[in-house]
Amino acid sequence: MAANAAYLRCIIPSCGATLDFADTTFRCPKCGSLTDVEYDWRRLRLPKALREFDAKDRIGRIGNPSYSGVWRFHELLPFAPIEQAVTIGEGQTLLQPADALAQSIGLNSGRLFLHYEGLNPSGSFKDNGMCAAFTHARMVGARRAACASTGNTSASLALYCAATRLLRGVVFIGSGKISYGKLAQALDHGALTIQIDGDFDDAMLRVKQVAKELGIYLVNSINPFRLEGQKTIMFRVLEALDWEAPDWIVVPGGNLGNVSSFGKAFSELFDLGLIERKPRFAVINAAGADTLFQLVERRGVHWNAGKPDQFAIDSYYNDMDAEHRKAATIASAIEINRPVNLLKAVRALEWCGGVVRTVSDQEILDAKAQVGANGLGCEPASAASVAGLRRLIAEQVIGRDERVVCILTGHALKDSSATVAYHGSDQETFADVLGKRGIQMAHFANCPIAVPNELSAIIRVIEAHHES
Ligand code: F0G
């Protein structure tokens, strides 16, 4: 019954075409735009207040919706009957205060929280969306699923295929553009792994063609059901903060699925009368992959009530192609120059009031080491959020006393070669992995110390270290 209250709608208000729930093109047939999952909320049972979610167990048994940090918010993404929801126990993630880090980047104590999505079964936030996409895929009878990926989407898809046996997975990766840990997951979980000559943007183009040609279900974030699952990241943030929105959510921007989904989450909660105040968003691009920043902050592209300046966007991309500009950053997950959710992100920035900033690879790796020293391990792309926050505090866009949540999107075991090079003492490796990307110093390095295999020498090193 719930499925009938959900449908797809073109995001452009002047078009507004609706698509059947079972559509898997995820494109408006009239104008080619992105689509949203929409609900006829009047036909659905809604909580009267977000506090109703308090009554549920945080970690339930298998088969209980609380087993999933996504489906325990089912009433807020009710596109499938709960009995049909696919879950492998995703979304049991945590929000942690980060006082020491707050002080070192200029926020008052008690004002910074890190929301850690690395705890998901495949090690990144993607699982929030993957369980939702798999639920839709099963309802529409899909047999195969595909994605382009810089690592995390492929790991998530491969894991859900292996764990649920519902779909067979095909992942497209750019050659030399995926971290070993993530490639290992895709291979281990048995996904058909296709390595193409090109980068993520090339792989994304190709997978869309292949999915259309072969009727394979696409699980990249162009799939609006994925974004429904990712809304729950914000529900968990609210829950951890006793249902009070923070002042700012800071999130890295790659394909811009997260910011789009977060915008939809807050805008729906607000329209349904379940929150009184929305947070503002800060989206952080890597300097070498800064399409959103260039368009929003430099060229003034805004949602403009659904009439964004398409000419500015098209000419930006035309110039990019003419100059053969490719995305380039150590933060592989956000090394994307053609974000598929660009317009949804621009819309979310308008709904919630937002800013976009860029950070260098140097800033990203320094922030990553600081996050690690604070007690959570994240990948470089995730640390872009903290690096961006530091900038926004310095610019006084974010005040010292504002309450800020940085989203740590993925686990430290991704891109670990960058981490080891950063902390290592081997100059050659440093130059090879980091120097060529403009990283000059490891300001927060924790170098391993080479010691002869002698007890007294080892003891001397340990004691000297602990005295310092
Ligand atoms: N952080 C991590 C850890 C990611 O894996 C990604 C995207 C992003 C941030 C960017 O998020 O698209 O919502 O803006 N990873 C994709 C992948 C590209 O293939 O796994 P977004």
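Under a criterion in which rings of Phe, Tyr and Trp (its six-membered ring) pair if their centres lie within 6.5 Å, 13 aromatic pairs are counted in this predicted model. Phe-79 and Phe-225 form an edge-to-face pair, with 4.9 Å from centre to centre and 65° between the planes; planes over 60 degrees apart count as edge-to-face, those under 30 as stacked and the rest as tilted. The pair joins distant parts of the chain, 146 residues apart: Phe-79 lies in the loop between β3 (35-39) and β4 (94-97), and Phe-225 in helix α6 (residues 224-240). Helices (H or I, at least four residues) and strands (E, at least two) are DSSP runs, numbered from the N terminus.

Residues are numbered from 1 along each chain as its sequence is written. Local features need pLDDT of at least 70 and side-chain atom pairs 80 or more, whereas totals for chains, interfaces and linings use all residues, and side-chain values rest on heavy atoms, without hydrogens and water.

Around the ligand are 22 residues, counted as near if a heavy atom lies within 4 Å. Both α3 (152-164) and α7 (257-271) supply at least two residues of this shell. Polar contacts (pairs of N or O atoms within 3.5 Å) include one of 2.7 Å between a ligand oxygen atom and an N or O atom in the side chain of Asn-152. A backbone N or O atom of Thr-150 lies 2.8 Å from an oxygen atom of the ligand.

Key:
A polar contact is a pair of N or O atoms within 3.5 Å; within protein, one must be able to donate a hydrogen and the other to accept it, and residues adjacent in sequence count only if both atoms are side-chain atoms.
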